Amino acid sequence: MQISEPAEYAILGLLESQPMHGYEMFQQFQGDTLGQIIHLEMSQMYAFLKKLERLGYIEAELEPQGIRPPRKIFHLTELGRKTFFEWLTTPVERPREIRLIFLLKLYFVQRIDPKKTAHLIDQEIIACRKFLEHLESPRLPVAKSSDMAFLDHIVLRSRIYQTRALLDWLGELQQEFAGTH
């Protein structure tokens, strides 16, 4: 079993800054930009925490609370820290990944090491251009609107236009970031 959900990386990212209990992390997902990137239910949060703990990416310590039951305070393990930073510095290519995972990475780079933001954007542009080249390489035969090949052509063109639009947006982001730093 591996990390499979972007929210799991977000949990690791939150714990990179400081140890937290589950509800405190949940509030981060509800209260700021992070919640605009990823929607997370409380039950999902606790399931992800259990999974990350089983995988050895996080550990929990019990914190006494007087007469109330003790609460678990989670912190990153070295494996969790290494895994998070490997994920954080690896660009994504596909449009659906950019819309979610890149924004998540951008969120954490800005919080953890803002000096690396420009590099993250540059790497994302390179990866996205590579993906666009891949999409534009096949030459589909001209087909009639009733053929399946026509539908293949429509889907491919849609993906190409989405990728071009994302590249335009990334270019604007790159310029905006360069203008403010």
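Predicted model: local features only at pLDDT ≥ 70, side-chain atom pairs only at ≥ 80, totals over all residues.
At 54% relative accessibility, lysine 130 counts as exposed, where exposed means over 50% relative accessible area, buried under 20% and partly exposed in between, with a 1.4 Å probe and protein chains only. Residues are numbered from 1 along each chain as its sequence is written, and side-chain values use heavy atoms, with hydrogens and water left out.

Lysine 130 forms a salt bridge (a side-chain nitrogen of Lys or Arg within 4 Å of a carboxyl oxygen of Asp or Glu) with glutamate 93, and their closest N and O atoms are 3.9 Å apart. This pair links distant parts of the chain, since lysine 130 is in helix α7 and glutamate 93 in the loop between α5 and α6, 37 residues apart; helices here are DSSP runs of H or I with at least four residues, strands are runs of E with at least two, and both are numbered from the N terminus.

Lysine 72 also forms a salt bridge, with glutamate 53, at 3.5 Å between the closest N and O atoms. Lysine 72 lies in strand β3 and glutamate 53 in helix α4, so the pair ties together parts that are 19 residues apart in sequence.

Turning to α4 itself, its buried residues are Met45, Phe48, Leu49, Lys51 and Leu52. On the other side of the helix, Ser43, Lys50 and Arg54 are exposed.
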